[in-house]
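Please find below a note on the model under review. The points are numbered so that each can be checked against the coordinates.

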Amino acid sequence: MDKNSIKLMVIPCNLIPIVWDKIEAHIDLAIAESYGDLDKTNLYDRLINGQESALVAIEGQEIIATCLVTISTLDAGRKVLYVPSLGDNRMDEWLDQGLQFLRQMASDLGCDGIRACGRHGWAKVIPQAKVLHSIVEF
């Protein structure tokens, strides 16, 4: 399919219960890679309460990716758009558009950066990304 046929949108919190069955499988992908850090019930609650937002990539009637975002204010006062969860299919078709969307969203919300927690591979596919920290568990 054509990259131009993919649309991005933020799902309003009041519509989360209606689209949950269409985004749940994507969220499950992220949870499976989270080493137990993410919980579906808590994610759902934060989405319907407006504490997090769901950004989706849609082609026709199919949701092909779901990215959860929230605003995080760091101790030093810096405000960033934080991506705790991203479940995807066909990343090469939506990633450039998705990054532009996230940058604009961060700017519109008064954030001066975007941070994400995920697999090391993200730093490879996002050219301007830099790895700030590693999470270790022992």
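The points below cover the basis of the model, the sheet, the helices, the cores and the cysteines.

1. Basis. This is a predicted model, in which local features need pLDDT of at least 70, side-chain atom pairs count only at pLDDT 80 or more, and totals for chains, interfaces and linings use all residues. Residues are numbered from 1 along each chain as its sequence is written, and side-chain values use heavy atoms, with hydrogens and water left out.

2. Sheet order. An open sheet is formed by 5 strands in the order S1-S2-S3-S4-S5, with mixed pairing. Strands (E, at least two residues) and helices (H or I, at least four) are DSSP runs numbered from the N terminus; two strands pair if DSSP finds at least two bridges between them. Strand S1 (6-11) and strand S5 (114-116) each have a single partner strand, so one side of each is left without a neighbour in the sheet. From one strand to the next, the twist averages 30°, where axes are lines fitted to C-alpha atoms, for helices over the stretch in contact, and angles run from 0 to 180 degrees between N-to-C directions.

3. Antiparallel pairs. Strand S2 (residues 53-59) and strand S3 (residues 62-73) run antiparallel and are joined by 7 bridges; Ser53 has Val69 as its bridge partner in S3. S3 and S4 are likewise antiparallel, with 8 bridges, and Ile71 is partnered by Leu81 in S4. These two strands form a hairpin with 5 residues between them, and Gly77 in the turn has a positive phi of about 100°.

4. Parallel pair and crossover. S4 and S5 run parallel and are joined by 3 bridges, with Tyr82 opposite Arg115 in S5. S4, H3 and S5 make a right-handed β-α-β unit, meaning that, with the strands pointing away from the viewer, the path from the first strand over the helix to the second runs clockwise.

5. Helix H3 and strand S4. Helix H3 (residues 91-108) lies across S1, S2, S3, S4 and S5, and runs at about 40° to S1. In S4, 7 of the 10 residues are buried, so this strand is largely enclosed by the rest of the structure. Buried means under 20% relative accessible area, exposed over 50%, and partly exposed in between, using a 1.4 Å probe and protein chains only.

6. Cores. A nonpolar core is a set of buried Ala, Val, Leu, Ile, Met, Phe, Trp, Tyr and Cys residues joined through side-chain atoms within 4.5 Å. The largest has 19 residues, and those with the most contacts inside it are Ala57, Cys67, Val69, Leu81, Trp94 and Leu102. S1, S2, S3, S4 and H3 each give two or more residues to this core, and H3 supplies the largest share, 6 residues. A second, separate core of 16 residues includes Ile27, Leu38, Ala54 and Ile58.

7. Cysteines. The count of disulfides (cysteine sulfur atoms within 2.5 Å) comes to 0. The sulfur of Cys13 lies 17 Å from the closest cysteine sulfur, in Cys67, too far for a bond. Cys13 is partly exposed, with a relative accessible area of 35%, whereas Cys67 is buried, at 5%.

8. Helix H4. Lys124 is found in helix H4 (residues 121-125) and is exposed, with a relative accessible area of 72%. Its C-alpha atom is separated by 25 Å from that of Glu59, 65 residues apart along the chain.

Methods:
Contact means heavy atoms within 4.5 Å.
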